[in-house]
Amino acid sequence: MLGEAPLPAIAYSHLMRCAEPMAFAEPEEAAWILILAAGSALHAGDMAATMLATRRITDLDCSPATLRAAQGLPKGYEGVITGAELWELPGAMAQAGGGEREWMWATVIGWMGPDDHQARRLAEATGRRVRAAGSPALLTEVLYYHADIEFRLGHWAEGAAHAEEGLRLSYETGQRGWTANFLAHSARFAAVRGEAAECRTLARRALEIALPLRERIAAATATGALGLLGLGEDMSKEAFTELRRLVERDSPRSNDFVAFAMLPDFVEAAVRAGHPELARRVAAAMEPQTGGIGGLAALARNHRYLAIMADDAHAESHYRSALAGGGLDRHPFGRARTQLLYGEWLRRNHRRTEARRYCGNPARRLRRWAQHHGPGARSSRSARPAAP
């Protein structure tokens, strides 16, 4: 659905043009063409175009269910869609004559939305339906969202298994854009497991496919994986170099959606590498774009990077706001990373007893998460992406 096109930006323009002649005679089909256009824009790294395509649907004489679908993506992106709305969406669209594509669209909205647990349940339900329908091309896409959601939840064994299956299906169905995305996913799982050589190999393979295709969401994810590896291995300069490519708007490795999510990681890397002023400039430049996006979870992420940039007189209030505001209740990986950073800050400020509550032993930050949070992280080494 958000899928295969040699050049996503060109696909977006073509689909937008195709939808216009159908807008009056066949508004429902025009709406789904616009949904495909929104997906192409997302993969091209243009969130403004993504939102423009979905808003265009609201001008069409479509069924109420299709209009709800069009309104759902901006609500998911802004972090204001509710769980009840998510679950009602595919059923309402199916009653209007839909099928697997409606469940897929609801899954995309859930993936962008504020509740990873709810998004996971929806992805599981969609996956069952698509498997029953015998559609490997569509299943490839479901697995992409499912793997990403599991990563955010810290369910790394499950997420790596979805990425491995999706990679195999992408080879079988010839969907090179998805191949790049699953290689990037797998690189990220290797990064948080601390498998440096594996991460770099997978990221390189992802970039070799993604950059010529201008598949910027895959390029951004692979770049983010290298940045996470650098942070986890205490290689601040490497992390900074990679994550700087991610947040620079004119970089072929940048994607708005990924960059917004990883802004705190860039700030952390920049501060650790000795570039606090650049961290402040980038954060200030991105703040107007991220304002209102992601709801409470995004607000918690913002407090995290503000805490990293702040002096000791102000950092603690940001850490406490990030952890107390409820925004991370449905994002356990984000909560754990914030707790670990706060614990390190407490230790540096000679408050070791309090620090133990948040970071335990002094092992590396991302390794600590992998070791201390759930069986999925510990067993994920068994899931390996196969070569074509």
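**Salt bridges and helix pairs in a predicted model**

Glu 268 and Arg 272 form a salt bridge, with their closest N and O atoms 3.2 Å apart; the term stands for a side-chain nitrogen of Lys or Arg within 4 Å of a carboxyl oxygen of Asp or Glu. The model is a predicted one, in which local features need pLDDT of at least 70 and side-chain atom pairs count only at pLDDT 80 or more, while totals for chains, interfaces and linings use all residues. Residues are numbered from 1 along each chain as its sequence is written, and side-chain values use heavy atoms, with hydrogens and water left out.

Back to that first pair. Glu 268 and Arg 272 are separated by about one helical turn, because they lie 4 residues apart in helix α15 (residues 263-272). Helices here are DSSP runs (H or I, at least four residues), as are strands (E, at least two), and they are numbered from the N terminus. Glu 268 is buried, with a relative accessible area of 1%, whereas Arg 272 counts as partly exposed at 36%. For these words, buried means under 20% relative accessible area, exposed means over 50%, and partly exposed is in between (1.4 Å probe, protein chains only).

The structure holds 25 salt bridges. In general, side chains of opposite charge can pair when their charged atoms come close. Another one brings together the side chains of Glu 354 and Arg 351, at 2.9 Å from N to O. Here Glu 354 counts as partly exposed, at 35% relative accessibility, and Arg 351 counts as partly exposed as well, at 24%. Salt bridges with shared partners also join Asp 265, Glu 268, Arg 272, Arg 304, Arg 337 and Glu 344 into one network.

Helix α15 has a packing partner too. Two packed helices are described by the angle between their axes and the distance between the axes. Helix α13 (residues 236-247) packs with α15 at an angle of about 135°, their axes being 8 Å apart. The axes are lines fitted to C-alpha atoms, for helices over the stretch in contact, and the angles run from 0 to 180 degrees between N-to-C directions. The two helices α13 and α15 are therefore oblique to each other, given that angles under 35 degrees count as roughly parallel, over 145 as roughly antiparallel, 65 to 115 as roughly perpendicular and the rest as oblique. In handedness, α13 passes α15 in a left-handed crossing (left-handed if the near helix is turned anticlockwise from the far one by less than a right angle, right-handed if clockwise). On the α13 side, Ser 236, Ala 239, Phe 240, Leu 243, Arg 244 and Val 247 meet Asp 265, Phe 266, Ala 269, Ala 270 and Arg 272 of α15; contact means heavy atoms within 4.5 Å. By class, the residues of this contact divide into 7 nonpolar, 1 polar and 3 charged, where Ala, Val, Leu, Ile, Met, Phe, Trp, Tyr, Cys and Pro count as nonpolar, Asp, Glu, Lys and Arg as charged, and the others, Gly among them, as polar.

Next come helix α7 (residues 116-133) and helix α8 (residues 136-153), whose axes come within 9 Å and cross at roughly 155°. That makes α7 roughly antiparallel to α8. The way α7 passes α8 is a left-handed crossing. Residues making the contact include Ala 119, Arg 120 and Ala 123 of α7, along with Leu 139, Val 142 and Glu 150 of α8. The contact of α7 with α8 divides into 9 nonpolar, 4 polar and 6 charged residues.

Arg 120 counts as partly exposed at 22% relative accessibility, but Glu 150 is buried, at 1%.

Then there is helix α9 (residues 156-173), whose axis comes within 9 Å of that of helix α10 (residues 176-192), with a crossing at roughly 155°. The pair α9 and α10 is therefore roughly antiparallel, and the crossing is left-handed. Among the residues that meet are Trp 156, Leu 167 and Tyr 171 in α9 and Trp 178, Phe 182 and Phe 189 in α10. The contact of α9 with α10 has 10 nonpolar, 7 polar and no charged residues.

Finally, Tyr 12 is found in helix α1 (residues 8-22) and is buried, with a relative accessible area of 14%. Not counting residues up to four places away in sequence, Tyr 12 touches Ala 37, Ser 40, Ala 41, Ala 49, Leu 52 and Ala 53. Tyr 12 and Ala 53 are 41 residues apart along the chain, and their C-alpha atoms are separated by 9.0 Å.
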